[in-house]
Every structure is written in structure tokens, then in C-alpha cells.
Amino acid sequence: MTDKTIAYQGEPGANSHIICAQAYPDWASLPCATFEDAFAAVTEGRAALAMIPIENSIAGRVADIHHLLPHSPLHIIAEHFLPIRFQLMAMPGVKIEDLRSVHSHVHALGQCRRVIRRLGLKPVVAGDTAGAARELAEARDPTRAALAPALAADVYGLEILERDVEDEADNTTRFVVFSPEHGPTVPMGTETVTSFVFRVRNIPAALYKALGGFATNGVNMTKLESYMVEGRFTATQFYAEVDGHPNDPALVRALDELRYFSRELRIIGTYPAHPFRATTRQAAE
């Protein structure tokens, strides 16, 4: 396995690249074209870890990831949160009044509607925020701008015309770190998150009965998402996250009840809750 290399989806300068550098500053980052490629880099030994976005506070879940989770042998060992900041960038020397269009990922365009409307720019969808910056640098078009992280301007030699142009100041993406091995044992008493996927048995009220154990045992379920599998409307898979460690007696009982009513259950990871969670809880109270 390649030690101290972490894979991510996107091009250099992307938000995934930024969080890799922040969380693992002494590691090499490996850009990958797709999420599948990032997973494969780890399973094939070209990277030790993969940093993958799983949800955004504005755009919601990253749907592609949830379809990969049930089939991947990798384990979640950590989570990280990154405030998302978009910069309006162009070729050096270009003035705002010269611009006619702005290119970026569809989510970035949707999260920066105010500046696009204020400047009267035509939004053009690109595959990736950093990729939009790279393509701008290659095209050298003075009428074109890109919405991308500040790192992309440094990587591709662009000039930032307006900073932090996102509509929502609390725009945040949650990333999880995947490893071929289970993470270090989380000490009991540490705030812990447990992630798992399951499919309930085909019996009446199976989901209701399966989840009842979490309520009766006082286990806080922070996430429950469903999605179709194998192209069938009757084959529904669930991804869930709960507060607690699988060795906690209450969670042991809840998982035992879930297992009884499920045809499949797999724990994907048990990892320390990131301190960012506490700050969001305090803000909500």
C-alpha cells in the first residue's frame, strides 16, 4: 500500500483537495476523475485513504456515494467538515465589466445565484469547480469567469475578482475518510458516530419494527436515508448513522433488534464525532 497518500475526487484546487491538505498536511494528495476511481485507488493500494464528500448543508446528500457504500469493502475511520467558500476568478488583468459568462459545477452555480444575477452573467455548468478554473486558464478567455475555491486560483494562475460570493455563509460540506482497515479503537466515553447500511426483510411494518429498538433503547439516530438498489422499486436500501459505539449496551440491543428484522446489515465505520458537530448543536439551541 502507498503510505501517506490520500485519494480524492476532483482536480487540484477542488474543495476535496483543500480538506485533504487541512486534515493530512504531510500527506500527498491523489486526484481522481470519479468517486469510483478514488475508491479503487485505495482498494488497489495506490493510496492509503480516500477523502469523500458525503453531504452538503445546502445541496444535501452526495447521491453517488450512497450507491457505492454497500458494495465497497472500505471502512469509514474519520469525518471532517469544510466551510465552502467560492471565489469569482478570471484571467489576470480582466475586469468585472469584461465578463459575460461564469463556469462552475452545477451546485456551485446554484449556491452563488446572487452574484451571478447581480453581474448579469450567463451560468455555464462544468464538471468540477477546480476543473472550471483549469479550463478557464487553458482557454484564456477574458469574457469568462469561474467559481472555484481560492486554492484553484493559485494552482491555475488566475486572479480573484470577488471573494466569498456564496449565498449562504453557513455552507458546509461533510467529508468522511475511507480506509481498507478498521480505524483505531475509539475509547469508550468518546463521542462516537456509527455508520451502517441495511435492508429490511419483506414483512409488514419491517422498517417500523427494525427502528423501534433505537427509540426504546434511547439511541439517537442522526441520519436515515433510503435509495433504490438493483433497479427495483421493491429493493430499498438504507444508510443510517447513530450516536454511540457498537459496544455500548444500548446500541448493542438496538442493533440486535435491527438485525432480526433485516436481511442485510453491515457496519461501515465507527469513528470519533468531529468537534464541528458540537458547534452546530450549540448554534441550534
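Colleague: Here contact means heavy atoms within 4.5 Å. Which residues does Lys223 touch, not counting residues up to four places away in sequence?

Modeller: With those neighbours left out, Lys223 touches Glu55, Arg174, Tyr239, Ala240 and Glu241. Bear in mind that this is a predicted model, where local features need pLDDT of at least 70 and side-chain atom pairs count only at pLDDT 80 or more, while totals for chains, interfaces and linings use all residues. Numbering runs from 1 along each chain as its sequence is written, and side-chain values use heavy atoms, with hydrogens and water left out.

Colleague: Thanks! Where does Lys223 sit, and is Lys223 buried or exposed?

Modeller: Lys223 is in strand β13, residues 221-229. Strands are DSSP runs of E, at least two residues, and helices are runs of H or I, at least four, numbered from the N terminus. Lys223 counts as buried because its relative accessibility is 14%; buried means under 20% relative accessible area and exposed over 50%, with partly exposed in between (1.4 Å probe, protein chains only).

Colleague: What does the side chain of Lys223 make a polar contact with?

Modeller: Its partner is the side chain of Glu55, at 2.5 Å. A polar contact is a pair of N or O atoms within 3.5 Å; within protein, one must be able to donate a hydrogen and the other to accept it, and residues adjacent in sequence count only if both atoms are side-chain atoms.

Colleague: Switching to α9, which residues there are buried?

Modeller: Leu251, Ala254, Leu255 and Leu258 are the buried ones in α9. They lie on the same side of α9, because the arc they cover around the axis is only 95 degrees, taken from the directions from the helix axis to the C-beta atoms.

Colleague: And which exposed residues are on the face turned away?

Modeller: That face of α9 carries Pro249 and Tyr260.

Colleague: Which residues have the most contacts inside the largest nonpolar core?

Modeller: Met51, Met89, Val102, Leu147 and Leu158, in a core of 43 residues. Apart from that core lies another, of 25 residues, including Ala7 and Leu68. A nonpolar core is a set of buried Ala, Val, Leu, Ile, Met, Phe, Trp, Tyr and Cys residues joined through side-chain atoms within 4.5 Å.

Colleague: Last one, how many helices and strands are there?

Modeller: The chain has ten helices and 15 strands. Of its 285 residues, 49% are buried. Among contacts with a separation of 6 or more, 74% join residues 24 or more positions apart. Along the principal axes, the C-alpha atoms fill a box of roughly 65 × 40 × 40 Å.
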